[in-house]
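Notebook open, model loaded. I'm jotting down what I looked up, in the order I got to it.

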Amino acid sequence: MLASDLPEVVKVGARQACLSSLMLQEARYLGESCLAGTETHRIWAAEIFVANLKIAQLRQFCETGLIQLFNDCNEKVHSQASRCFFQFEGQELGKYRNLVEAFVQSRAFETNPRDLIYALEKTTAKLPDITCVVCEKIINISQTKNCDNTPNMAYGDEISKLLIRVYSQSKDKKLRSRCLDIVDCMAQTGFYGLNKA
């Protein structure tokens, strides 16, 4: 099925192969072959890893696969992998620091930070320090120009609120100072949502 010329057959085969690789050590090579396979293999591998990430005994293999897929050269693949952040509830995000850090440094973040921003907004845990890095990178990305030569000011409202949360939750003077520096940068750039936050 993995070698079929029919995309629907490859889809089913990739999903089954990845599920098998999660359940049986002897089948790990099937999941690894999907990670190195075609776009179709990698998209459906991402779906399976996202769906099973929070199962304790499967977490390490899923997390490793997702981190690899965050840097995939195909936007559809790393977009599918990014959906893992929609799974987190309550304080769960705080348990996945390595995953968050890897995502922030990946291609997936550059094209679609929305999924992580959503998870940070939704978490009831204390926001991690890396939230400042997220905000800084979004500001840097926003410096790129749109077709009409205006700055891309996406996510201003969201990151303004996240910065205020990080600032108010922290007692660390350096972190609080960093938050204020980012706020200054946003004010200079004219980010939407900053005054409201």
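This is a predicted model: local features need pLDDT of at least 70, side-chain atom pairs count only at pLDDT 80 or more; totals for chains, interfaces and linings use all residues.

**Core.** I went for the largest nonpolar core and counted 53 residues in it. A nonpolar core here is a set of buried Ala, Val, Leu, Ile, Met, Phe, Trp, Tyr and Cys residues joined through side-chain atoms within 4.5 Å. Buried means under 20% relative accessible area, exposed over 50%, and partly exposed in between, with a 1.4 Å probe and protein chains only. The members touching the most other members are Phe-49, Leu-66, Phe-70, Phe-85, Leu-99 and Leu-116. I then listed the neighbours of Phe-85, leaving out residues up to four places away in sequence: Phe-70, Leu-93, Leu-99, Val-100, Phe-103, Asp-115, Leu-116 and Ala-119. Contact means heavy atoms within 4.5 Å.

**Ground rules.** Residues are numbered from 1 along each chain as its sequence is written, and side-chain values use heavy atoms, with hydrogens and water left out.

**Whole chain.** I found 11 helices and zero strands, so the pattern along the sequence reads α-α-α-α-α-α-α-α-α-α-α, where helices (H or I, at least four residues) and strands (E, at least two) are DSSP runs numbered from the N terminus. The C-alpha trace spans about 55 × 40 × 20 Å along its principal axes. Of the 197 residues, 43% count as buried. Among contacts between residues at least 6 apart in sequence, 65% join residues at least 24 apart.

**H1 on H3.** Two packed helices are described by the angle between their axes and the distance between the axes. Helix H1 (residues 7-23) packs on helix H3 (residues 39-52) at about 40°, axes 8 Å apart. That makes H1 oblique to H3. For the record, axes are lines fitted to C-alpha atoms, for helices over the stretch in contact, and angles run from 0 to 180 degrees between N-to-C directions. Under 35 degrees counts as roughly parallel, over 145 as roughly antiparallel, 65 to 115 as roughly perpendicular, and the rest as oblique. H1 passes H3 in a right-handed crossing; right-handed is the near helix turned clockwise from the far one by less than a right angle, left-handed anticlockwise. On the H1 side I noted residues including Val-10, Ala-14, Cys-18 and Leu-22, and on the H3 side residues including His-41, Trp-44, Ile-48 and Phe-49.

**Ser-21.** Buried or exposed, this Ser-21? At 0% relative accessibility, Ser-21 counts as buried, and its place is in helix H1. The Ser-21 side chain reaches the backbone oxygen of Cys-18 at 2.7 Å. Not counting residues up to four places away in sequence, Ser-21 touches Ala-27, Arg-28, Gly-31 and Phe-61.

**H5.** I logged Val-77, His-78, Gln-80, Ala-81 and Ser-82 as buried in H5. Their cover includes H3, helix H4 (59-70), H6, H7 and H8. At the start of H5, a side-chain oxygen of Asn-74 comes within 2.8 Å of the backbone nitrogen of Lys-76.

**H8.** In helix H8 (residues 114-122), the buried residues are Asp-115, Leu-116, Ile-117, Ala-119 and Leu-120. They pack against helix H5 (75-82), helix H6 (97-104), helix H7 (107-111), helix H9 (130-142) and H10. I checked H8 against H9: the axes come within 12 Å and cross at roughly 140°. That makes H8 oblique to H9, and the crossing is left-handed. Leu-116, Ile-117 and Leu-120 of H8 make the contact with Thr-131, Val-134 and Ile-138 of H9.

**Ser-170.** I found Ser-170 in the loop between helix H10 (156-169) and helix H11 (173-189). Ser-170 counts as buried at 4% relative accessibility. A polar atom of the Ser-170 side chain lies 3.0 Å from the backbone nitrogen of Asp-172. Beyond four places in sequence, Ser-170 touches Leu-175 and Arg-176.

**Asp-5.** Last stop: Asp-5 lies in the segment before H1 and is exposed, with a relative accessible area of 74%.

Key: A polar contact is a pair of N or O atoms within 3.5 Å; within protein, one must be able to donate a hydrogen and the other to accept it, and residues adjacent in sequence count only if both atoms are side-chain atoms.
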